[in-house]
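Let's take a walk through a protein model together, one stop at a time. Have the sequence and the picture side by side, and look for each residue as we reach it.

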Amino acid sequence: MPSLFVFEGNDQGVRFNLEQDAISLGRDRGNVIQLHDTEVSRRHAVLRRQGRTFVVADLGSSNGTFVNGQVVQTHELATGDELMIGSTKMLFTGGGDSSVGDLASKISIIAKQQPGDRSRIVRSMPQEEGSRVLDFNFDSDSPPTAWLARARSNLQIMYRTAMAVSHTLDIDQLLGRILQWIFDWVEADRGCVMLYNPESRTLEPAARRNRQGVADEQMSISKTILDYVIEHNEGVLTSDAREDNRWNPAGSILQSGVCEAICVPMQGRYNTVGVIYIDTSISPQKLIQSGQSTKFTEEHLKLMIAIAHQAALAVEDTRYYSAMVQAERLAAVGQTIATLSHHIKNILQGIRGGSFLIKEGLSRHDETMTRKGWEFVEKNQERISNLVMDMLTFSKEREPDLAPADLNRVAADVVELMQTRAAEHRVQLVIIPTTKMPLLTFDPEGLHRAILNVVTNAIDACGKDSTEDETHEGRVKVATQYDKDESMARVTIEDNGAGIPPEEMEHVFSLFVSTKGSRGTGLGLPVSQKILKEHGGRILVESEPGQGAKFILEFPAVASDHNQTQAL
């Protein structure tokens with residue numbers, strides 16, 4: 001199925017299957033493909049199905065639509081094209097023609113002793129010789145113009161193969177595409193790709209097709225050919241029997257069809273990962289009428305060896321990438337478990353200490369000690385509750401629960417909630433709402449948590465226990481802003497703490513990175529950033545050592561249907 005894969009941008013890693021005939025792309029939720037990118041217009045572009053592919057058309061966007069680095073108004077996409085909208089880059093992959101279902105039941109390997117295996121190898125070629133696909137010798141039968149045409153054609157094939165290999169990690173679609181190109185340039189009737197399974201030590205079908213597309217008939221491949229290709233790591237050109245009278249129109253050729261085949265190894269960097277096989281058959285009557293004896297030449301064999309090598313590199317890269325991703329996932333899981341265990345252990349120690357004070361206070365009838373112990377327990381209950389909520393928010397892929405809401409009210413709720421904490425740290429917490437904030441559509445609970453995390457960090461950064469200066473007066477200012485021209489809403493949280501050192505700026509949104517020691521989990525800012533990205537927004541940071549820090553939470557201002565300007 002045709003698809004767009006996001007490999008750079010806020011939606012990185014998401015694959016959009018192109019199932020409809022007309023697909024809109026933009027920042028608004030009403031688009032078929034919604035991109036969480038502030039540089040994307042509300043309705044940026046549209047994809048329209050045209051035959052087996054799609055045509056992209058720009059809809060008068062502010063920043064333009066680019067295909068392979070070139071700005072376009074309309075452009076027919078081909079597999080491997082890079083589509084850039086705003087700061088989001090996507091890879092277009094067309095629908096493959098190969099069937100990757102139960103291929104094993106459609107392809108059979110004829111053993112050497114079976115009567116159906118009449119194939120004989122008439123030419124073998126190592127990869128070194130096959131790599132010289134563009135080397136031609138001039139002769140009387142091959143004038144320079146013919147040489148140039150063949151060289152240009154072969155170069156085009158290799159270029160398109162190399163481009164496809166470098167732009168996709170979907171092996172099934174890549175192999176199907178390569179088979180299609182082979183059929184475009186070589187007069188083959190059937191073809192298949194078989195990959196080597198290192199566990200079972202056998203070749204298994206991965207893609208197949210015929211000249212009309214995917215066929216259901218059984219496809220037989222000579223084991224003689226496969227064994228030779230694998231054992232010698234050479235490509236071969238074969239026929240039924242080049243040395244008998246089968247090739248004589250007056251002989252047995254009238255009773256059987258002539259079959260030619262090319263089979264080449266998919267030689268990667270380290271070993272052979274599979275084979276590519278194509279063959280052709282023609283009835284005796286058509287062969288006599290055409291007056292030709294063969295369709296495949298040594299030049300075809302060279303080209304097939306070069307193509308197979310490119311495909312093998314892609315298979316190796318994809319397998320290596322999959323293994324690397326799996327290893328990174330396991331390492332990330334291990335790091336996450338270790339970090340969370342450390343935080344939970346610290347929280348449990350706080351609860352245990354509070355429980356001990358409560359127990360001692362009750363036994364001594366000391367109300368002050370009991371109250372202090374309960375404060376310890378409550379504080380650590382809040383810490384573990386916040387930790388669990390941050391873990392859930394960060395780990396789950398979710399769509400914002402959009403609803404009409406007042407951003408001024410959400411920010412004010414956070415300030416009101418954090419006043420007690422601010423007082424404990426001797427920090428003045430104030431809010432400055434804009435009087436021109438319309439009723440917007442966003443996820444009020446999500447934005448509440450995003451603002452809460454940043455405000456909590458700001459209080460900790462400028463509180464009395466975060467600085468040795470007893471005369472320092474901590475201050476945190478929360479301000480809201482609505483920019484009608486840019487259609488953006490912003491919440492600015494500014495503190496007068498110690499600021500963020502330059503070497504730490506690039507790590508402020510890194511998971512589990514915290515400057516608060518055992519008091520911080522390193523989840524707050526990554527969670528806030530994730531929530532803003534889900535709204536198509538972002539968090540900007542401005543800070544200098546000794547001058548405090550400013551965090552700007554901005555996202556597209558989508559007006560509510562019941563829009564009205566509200567003041568706090």
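We will begin with the whole chain and then visit some of its strands, cysteines, salt bridges and surface.

Keep in mind from the start that this is a predicted model. The chain has 568 residues, and 46% of them count as buried. Its secondary structure comes to 11 helices and 28 strands. How much area does the chain expose? The figure is about 29200 Å², and carbon and sulfur atoms supply 50% of that area. Another way to look at the chain is through its contacts. Take the contacts between residues at least 6 apart in sequence: 64% of these join residues at least 24 apart.

Our next stop is a sheet. Here 5 strands form an open sheet with mixed pairing, in the order β4-β3-β5-β6-β9. Which strands stand at the edges? They are β4 (33-34) and β9 (74-76); each has a single partner strand, so one side of each is left without a neighbour in the sheet. Further in, strand β3 (residues 22-26) and strand β5 (residues 45-50) run antiparallel, joined by 4 bridges.

R49 and D21 meet through their side chains in a salt bridge, at 2.9 Å from N to O. R49 sits in strand β5, while D21 is in the loop between β2 (15-17) and β3; the two are 28 residues apart, and the pair links distant parts of the chain. Are these two residues buried or exposed? R49 counts as partly exposed because its relative accessibility is 32%, and D21 is exposed, with a relative accessible area of 53%.

How many salt bridges does a search of the whole structure find? There are 14. Another of them brings together the side chains of R490 and E554, 2.8 Å apart from N to O. R490 lies in strand β25 (residues 488-495) and E554 in strand β27 (residues 549-556), so this pair ties together parts that are 64 residues apart in sequence. R490 counts as buried because its relative accessibility is 12%. E554 is buried too, since its relative accessible area is 5%. Both residues also belong to a network of salt bridges that links D483, E486, R490, R538 and E554.

The side chains of E542 and K550 meet at 4.0 Å, N to O. E542 counts as partly exposed, at 44% relative accessibility, and K550 counts as partly exposed at 24%.

Now move to strand β14 (residues 190-197). Of its 8 residues, 6 are buried, so the strand is largely enclosed by the rest of the structure. Strand β15 (residues 202-210) runs antiparallel to β14, and 8 bridges join the two. In their hairpin there are 4 residues between the strands, and R201 takes a positive phi near 55°. Back on the strands, C192 stands opposite R208 in β15.

C192 brings us to a question about cysteines. A disulfide is a covalent bond between the sulfur atoms of two cysteines. How many disulfides does a search of the whole structure find? The count is 0. C192 is in no disulfide, and the nearest cysteine sulfur, that of C263, is 7.9 Å away. For comparison, a disulfide would need the two sulfur atoms within 2.5 Å.

Which residues make a nonpolar surface patch of about 330 Å²? They are Y320, Y321 and M324. M324 is found in helix α6 (residues 298-364). With a relative accessible area of 32%, M324 is partly exposed.

Terms used:
Residues are numbered from 1 along each chain as its sequence is written. This is a predicted model: local features need pLDDT of at least 70, side-chain atom pairs count only at pLDDT 80 or more; totals for chains, interfaces and linings use all residues. Side-chain values use heavy atoms; hydrogens and water are left out. Patches are made of residues with over 30% relative accessible area and no salt bridge: like charges are joined within 9 Å, nonpolar side chains (Val, Leu, Ile, Met, Phe, Trp, Tyr) within 5 Å. Accessible areas come from the Shrake-Rupley method with a 1.4 Å probe; for residues, only the protein chains shown count as cover. Buried means under 20% relative accessible area, exposed over 50%, partly exposed in between (1.4 Å probe, protein chains only). Contact means heavy atoms within 4.5 Å. Two strands pair if DSSP finds at least two bridges between them.
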